[in-house]
Amino acid sequence: MLIGTIVDGIVIDHIPAGRGMELYGYLGLDKLECEVALIKNAPSGKLGKKDILKVNEVIDLNFDLLGYIDPHITVNIIENGKRVEKRHPKLPEEIHGVIKCKNPRCITSVEQEIEHVFKLTDRENRVYRCIYCDTKAK
Amino acid sequence: MRSLIDIADLSVEEIDALIAKAEDIIANPDKYAEKCHGRKLATLFYEPSTRTRLSFESAMLELGGSVIGFSEAQSSSAAKGESVADTARVISCFADIIAMRHPKEGAPLVAAMNASIPVINAGDGGHNHPTQTLTDLLTIKREKGRLDHMTVGCCGDLKFGRTVHSLLGAMSRYEGVDFVLISPEELKVPEHVRTDILKARSVAYRETESLQEAMPDLDVLYMTRVQRERFISEADYVRLKDTYILTPDKLTTAKPDLSILHPLPRVNEISVAIDSDPRACYFRQVLNGKFIRMALILMLLEVE
């Protein structure tokens, strides 16, 4: 499968297989005018299968969000057709305004202006809980 | 400026200091009679709660302060659609401290994030009720003389009972406390309490369906109500409901210095015949609630 070479842009690699489309939505890539490619189920030495996102423009990324999806994701910054930087997101302590609390008893379910915030409560098992009602993020 | 939203916001040392302050208030009430003169407590109760609201109000009055507020959402600006955040900002202009009860989980935290005065969570749905836990701890301390090295039995609805979860969290921070969790299969403590509190802190505990089997081991018995609507099967409810009603015959094997607690309101889970037993602490527990709230108001208002 051939995807055009990126001149200036980013490649988000080692996305867990099946989560590329979710990340595409979270990062708002559907709103970009530039070329964007989502490669699903690419072969991976480490993971067996992985998803990859290629964006033909350098954009600001929410690294907390990437770390939440998976801290093993790699972000390659491409300039003039060459990789100039490789970055790894960290597991964030808090996630703001991305994932939504689904608990109907949570105050966020009735007051739309409140920012949804999740806090890391178990690093080993990557468990995040809503700061308002302690419901686990799914 | 501090608020109290979750009992876990307080360190063990702070809890001990609050209990010591409450005991000093009990011993020397005159010393505290004017400590909050000129200060106002706003009780923002979006759902009815006679006992907790009156406990907060009497606590402030006994400190020489005064009280404003509302006791149901319909008589507040919430009925007009005002957000909790805006209400907290507005009330900050009128009062020195807020006690808030709200049916939605996390509402007091939202208030605390927006108020410029301390906020006390007076119960947010089935989530947190830290002053009930402080009340329970003061009661155990006063009845037993200590908060460590004892066996605490929690009986009834351990799945939905927020007071039990908070008590397990708070008591498990003291040395040598082990738990007997007495409930029907349907109402056992949820997995997150088991992993986040009991297993994470290597707390000794055992689970049983039989109150009578557990009784001889207990230093404290914390009773809660088993509600019909919690059961999937009506047959199971009928089979089990009487098992968790405390009657004098079930106390025959209990220790002579057992302390029986209940967060109240009681429906029928403790027979009125128990009320005259010196081991029944639940009405003394209510009184302790006022004293610990007095201590908490002093702490949050930074009054010595």
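**Exercise 1. Classify Ala280(B) as buried or exposed, and state its place in chain B.**

Solution. The model is predicted: local features need pLDDT of at least 70, side-chain atom pairs count only at pLDDT 80 or more, and totals for chains, interfaces and linings use all residues. Residues are numbered from 1 along each chain as its sequence is written, while chains are lettered from A and ligands numbered from 1 in the order in which they are written.

Step 1. A residue is buried if 20 or more other C-beta atoms, placed from the backbone, lie within 10 Å of its own, exposed if 12 or fewer, and partly exposed in between.

Step 2. Ala280(B) counts as buried because it has 22 C-beta neighbours inside 10 Å.

Step 3. Ala280(B) sits in the loop between β9 (259-261) and α11 of chain B; helices (H or I, at least four residues) and strands (E, at least two) are DSSP runs numbered from the N terminus.

Step 4. Leaving aside residues up to four places away in sequence, Ala280(B) touches Ile260(B), Ile274(B) and Asp275(B), a contact being two C-beta atoms, placed from the backbone, within 7 Å.

**Exercise 2. Determine which residues of α1(B) are buried, and how they are arranged about its axis.**

Solution. Step 1. Helix α1 of chain B (residues 12-27) has 16 residues and reaches 23 Å from first to last C-alpha, close to the 22 Å expected at 1.5 Å a residue, where the expected span is 1.5 Å times one less than the number of residues.

Step 2. Its buried residues are Ile15(B), Leu18(B), Ile19(B), Ala22(B) and Ile25(B).

Step 3. Viewed down the axis of α1(B), these buried residues fall within an arc of 115°, so they line one face of the helix; the arc is that of the directions from the helix axis to the C-beta atoms. An α-helix has 3.6 residues a turn, so residues three or four places apart point the same way.

Step 4. Glu13(B), Ala20(B) and Ala27(B), on the other side of α1(B), are exposed.

Step 5. The cover over the buried residues of α1(B) includes α2 (29-32), α6 (130-144), α7 (162-171) and α11 (282-300) of chain B.

**Exercise 3. Describe the secondary structure of chain A and its contact with chain B.**

Solution. Step 1. Chain A has two helices and eight strands, in the order β-α-β-β-α-β-β-β-β-β along the sequence.

Step 2. Of the 138 residues of chain A, 26% count as buried.

Step 3. The contact between the chains takes 12 residues from chain A and 10 residues from chain B.
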